[in-house]
Amino acid sequence: MNISDWRTYLVTQASLSGERSTVAVVSAAIDGGIDVVQLREKGTSARSRYELGLELRELTAEAGVDLIVNDRVDIARAIDADGVHVGQSDLPVGVARDLLGPDAIVGCSTSTIAKARKAEADGADYLGVGAVYGTSSKDVTDEKVGIGPKRIAEISDAVSIPVVGIGGITADNAGPVVDAGATGVAVISEITAAPDPRAATESLAAAVETSKGVG
Ligand code: TZP
Ligand code: MG
């Protein structure tokens with residue numbers, strides 16, 4: 001799928017999925033129409049991420065859903081993912097590109113205009129920008145508050161690659177993020193911790209489409 005067509009992006013985190021497995025959550029999200037899945041699973045071993053990654057690769061490939069690996073270029077390559085997502089403390093964008101090749105998707109997390117411009121110049125294919133709203137899913141103090149949709153607008157205006165908003169996003173508050181210029185929205189808890197992850201994915205997708213004026 002073309003990155004500029006990404007509307008809903010699920011970031012996995014088993015610690016937030018209760019009794020359900022990540023495979024079950026991803027499977028339900030696929031049924032609900034998710035466009036892209038990122039294997040994150042902070043705090044788990046490389047081996048378990050690799051093994052889960054193989055399962056997710058099978059599921060996503062069958063459904064035509066993109067699969068991105070957080071942080072780890074080696075795991076992305078080992079499971080034949082579509083790409084990798086790096087943050088400011090991970091391998092640099094250019095290094096990830098060199099290791100994965102020109103066809104891989106390389107995404108980068110940023111929350112400032114300067115870093116967004118640098119990631120674009122270094123060859124990132126898209127940006128993950130957040131935390132937009134307050135979130136307790138990521139243990140970073142300044143992300144408890146959120147940068148707000150206004151920063152999404154500033155960053156979207158400053159770069160020409162797609163911007164995906166992340167952090168505290170729900171079907172109820174996704175609209176302003178898309179209105180501010182985000183291509184799509186990435187979530188952990190809205191889908192992962194939902195009573196019905198498939199329905200939550202559908203609602204999120206509907207909210208994004210409505211804001212894009214095609215819903
Ligand atoms: N990066 C910025 S905020 C965040 C990440 C991985 C967590 C998003 O989780 P949630 O539950 O959708 O707020
Ligand atoms: Mg990272």
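Asp122 has a relative accessibility of 32%, so it counts as partly exposed. In this predicted model, Asp122 is joined to Lys118 by a salt bridge, with 2.7 Å between the closest N and O atoms. Lys118 itself is exposed, its relative accessible area being 52%.

Arg72 and Asp74 meet through their side chains at 2.9 Å, N to O. Both ends are partly exposed: Asp74 has a relative accessibility of 44%, and Arg72 has 29%. Lys150, Arg151 and Glu154, for their part, are linked in a network of salt bridges.

Which parts of the chain does the salt bridge between Glu209 and Arg7 tie together? The two side chains meet at 3.6 Å, N to O. Glu209 sits in helix H9, residues 197-212, whereas Arg7 is in the segment before strand E1 (8-11), so the bridge connects parts that are 202 residues apart in sequence. With 17% relative accessibility Arg7 counts as buried, while Glu209, at 25%, counts as partly exposed.

I turn now to the ligands, beginning with the metal. Ligand 2 is a magnesium ion, and its protein donors are Asp71 (OD) and Asp90 (OD), at 1.9 to 2.1 Å from the ion. Asp71 lies in the loop between strand E3 (66-70) and helix H3 (73-78), and Asp90 in the loop between strand E4 (83-86) and H4; the pair therefore ties together parts that are 19 residues apart in sequence. Asp71 counts as buried, at 16% relative accessibility, and Asp90 is partly exposed, at 25%.

One lies 2.5 Å from a polar side-chain atom of Ser137, and an oxygen is 2.6 Å from an N or O atom in the Thr135 side chain. The backbone contributes as well: a polar backbone atom of Gly168 is 2.7 Å from an oxygen of ligand 1. How much of ligand 1 does the protein bury? Taken alone, ligand 1 exposes 380 Å², and the protein buries 94% of that.

Finally, the surface. Leu91, Val95 and Leu99 form a nonpolar patch there, with about 210 Å² of accessible area together. Val95 is located in helix H4, residues 93-100, and is partly exposed, because its relative accessibility is 33%.

Key
Residues are numbered from 1 along each chain as its sequence is written. Chains are lettered from A and ligands numbered from 1 in the order in which they are written. This is a predicted model: local features need pLDDT of at least 70, side-chain atom pairs count only at pLDDT 80 or more; totals for chains, interfaces and linings use all residues. Side-chain values use heavy atoms; hydrogens and water are left out. Patches are made of residues with over 30% relative accessible area and no salt bridge: like charges are joined within 9 Å, nonpolar side chains (Val, Leu, Ile, Met, Phe, Trp, Tyr) within 5 Å. Accessible areas come from the Shrake-Rupley method with a 1.4 Å probe; for residues, only the protein chains shown count as cover. A salt bridge is a side-chain nitrogen of Lys or Arg within 4 Å of a carboxyl oxygen of Asp or Glu. Helices (H or I, at least four residues) and strands (E, at least two) are DSSP runs, numbered from the N terminus. Buried means under 20% relative accessible area, exposed over 50%, partly exposed in between (1.4 Å probe, protein chains only). Donors are N, O and S atoms within 2.8 Å of the metal (3.2 Å for Na, K and Ca); water is not among the atoms, so sites may look incomplete. A polar contact is a pair of N or O atoms within 3.5 Å; within protein, one must be able to donate a hydrogen and the other to accept it, and residues adjacent in sequence count only if both atoms are side-chain atoms.
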